[in-house]
Amino acid sequence: MSQKTRRLTAALAVTTALVLGASACGGTTKSDSDKGDAKSAAAGKADPNAKTKKGLTVAFLPKQVNNPYFTTSDNGGKKALADLGSKYKEVGTSSGTDTSGQVSYVNTLTQQQADAIAVSAQDPGALCTALKQAMKNGVSIVTYDSDTKVDCRNVFVSQASAEDLGRTQVQEMAKQIGNKGEIAILSAAQTATNQNTWIKYMKDELKKPAYKDIKLVTTAYGDDDAQKSFQQTQGLLQEHPKLKGIISPTTVGIKAAAQYLSGSKYKGKVKLTGLGTPNDMRAYVKNGTVEAFELWDPAKLGALAAHTAVALESGQITGKAGEKFKAGDMGEYTIEKDGVVTLGKPTVFNKKNIDDYKF
């Protein structure tokens with residue numbers, strides 16, 4: 001059975017299931033031979049020299065449409081697909097917490113025989129049944145920005161590694177304060193897994209001899225609440241009058257800290273870096289409150305998701321660790337453990353380049 005025939009058969013099965021009001025997972029009647037075909041495809045061997053297919057349809061399903069961040073990332077995917085000779089479409093919900101809406105879109109795209117879906121999951125587990133059904137029907141699944149469980153997709157395109165995010169924020173702060181002085185961290189919630197992982201790598205980076213004259217005096221928590229983060233910044237500066245810099249690895253925290261610093265006597269004297277968006281931080285960079293901060297380039301994230309989807313459909317990769325593929329001008333990428341591809345080190349935004357980014 002050809003792949004397209006299998007998709008058509010599968011789409012009819014999905015349509016029938018929906019008409020009968022059956023759930024995507026329960027009461028499936030797909031034949032053993034269909035399962036066998038899907039299993040064979042999933043277990044196929046990658047051919048890095050396989051010809052890149054053209055005319056594919058790759059659907060982007062962001063967490064939320066009309067969100068500037070995802071508009072930028074998905075437009076990056078759109079451009080990459082045009083360069084590759086394939087088609088782009090974007091669907092999605094207007095709410096970032098509408099998981100049932102995302103499930104419906106996955107089912108619809110499966111019916112429509114999309115060749116691949118690039119999805120930023122609102123929930124790591126809620127989409128799994130629909131995504132597994134799509135993969136069983138021959139649709140390649142790429143997650144980007146926000147992953148699902150490992151077995152619910154072929155490849156996850158990660159914006160940056162946790163280690164890079166942690167270490168590079170320390171490196172940027174050290175550069176700004178001349179490798180000397182007291183610094184503090186303004187984090188989000190004390191239980192935030194991603195924040196704590198980044199902070200772990202920050203502390204490890206600070207152990208290096210190059211940073212022997214930098215002292216981390218405390219970590220404060222603003223709970224990703226703008227007002228609390230503002231107050232925590234004020235408190236840090238009152239309690240630590242020798243403070244030379246603040247690292248805030250949260251877009252809410254760094255914006256609130258910049259807001260406080262910009263209206264205080266500390267403007268330009270106490271350095272601030274961390275993770276923020278250019279739209280939030282542009283004014284503070286231009287008025288001299290912030291010298292530089294980091295985040296990944298969402299346009300490149302979307303482009304890499306598009307290249308990954310086409311490489312999967314072309315048989316150049318299957319999602320196994322160690323496989324390599326080319327992503328146009330961005331170069332060659334390698335699949336890591338658990339089917340993860342990492343975009344690379346975060347982008348540093350400063351006065352010279354901040355107007356190049358609109359998100």
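The legends below describe close-up views of a predicted model. Local features are given at pLDDT of at least 70 and side-chain atom pairs at pLDDT 80 or more, while totals for chains, interfaces and linings use all residues. Residues are numbered from 1 along each chain as its sequence is written, and side-chain values use heavy atoms, with hydrogens and water left out.

**View A. The largest nonpolar core has 72 residues.** A nonpolar core is a set of buried Ala, Val, Leu, Ile, Met, Phe, Trp, Tyr and Cys residues joined through side-chain atoms within 4.5 Å; buried means under 20% relative accessible area, exposed over 50%, and partly exposed in between (1.4 Å probe, protein chains only). Helix α11 (residues 298-314) supplies the largest share, nine residues. Helices (H or I, at least four residues) and strands (E, at least two) are DSSP runs, numbered from the N terminus. Among the residues with the most contacts inside this core are Phe 60, Val 290 and Phe 325. Leaving aside residues up to four places away in sequence, Val 290 touches Ala 258, Leu 272, Met 281, Tyr 284 and Val 285 (contact: heavy atoms within 4.5 Å).

**View B. Six strands form an open sheet with parallel pairing.** The order is β2-β1-β3-β4-β5-β13, where two strands pair if DSSP finds at least two bridges between them. The edge strands, β2 (87-90) and β13, each pair on one side only. Twist averages 20° from one strand to the next. Four parallel bridges join β1 and β2, and Val 58 is opposite Tyr 88 in β2. Helix α4 (residues 99-111) lies across β1, β2 and β3 (116-119) and runs at about 175° to β1; axes are lines fitted to C-alpha atoms, for helices over the stretch in contact, and angles run from 0 to 180 degrees between N-to-C directions.

**View C. Helix α8 spans residues 226-239.** Its buried residues are Ser 229, Thr 233, Gly 235, Leu 236 and Leu 237. These buried residues of α8 pack against β6 (181-187), β7 (214-221), β8 (243-248) and α9 (251-262). At the start of α8, a side-chain oxygen of Asp 225 comes within 3.2 Å of the backbone nitrogen of Gln 227.

**View D. Asn 66 and Asp 338 have positive phi values.** Most residues other than glycine have a negative phi. Asn 66, with phi of about 65°, lies in the loop between β1 (57-61) and α3 (68-84). Asn 66 counts as exposed, at 70% relative accessibility. Asp 338, with phi near 65°, lies in the loop between β12 (332-334) and β13 (340-342). Asp 338 is partly exposed, at 43%.

Note on methods
Expected span 1.5 Å × (residues − 1). Polar contact = N/O pair within 3.5 Å; in protein donor to acceptor, adjacent residues only side chain to side chain.
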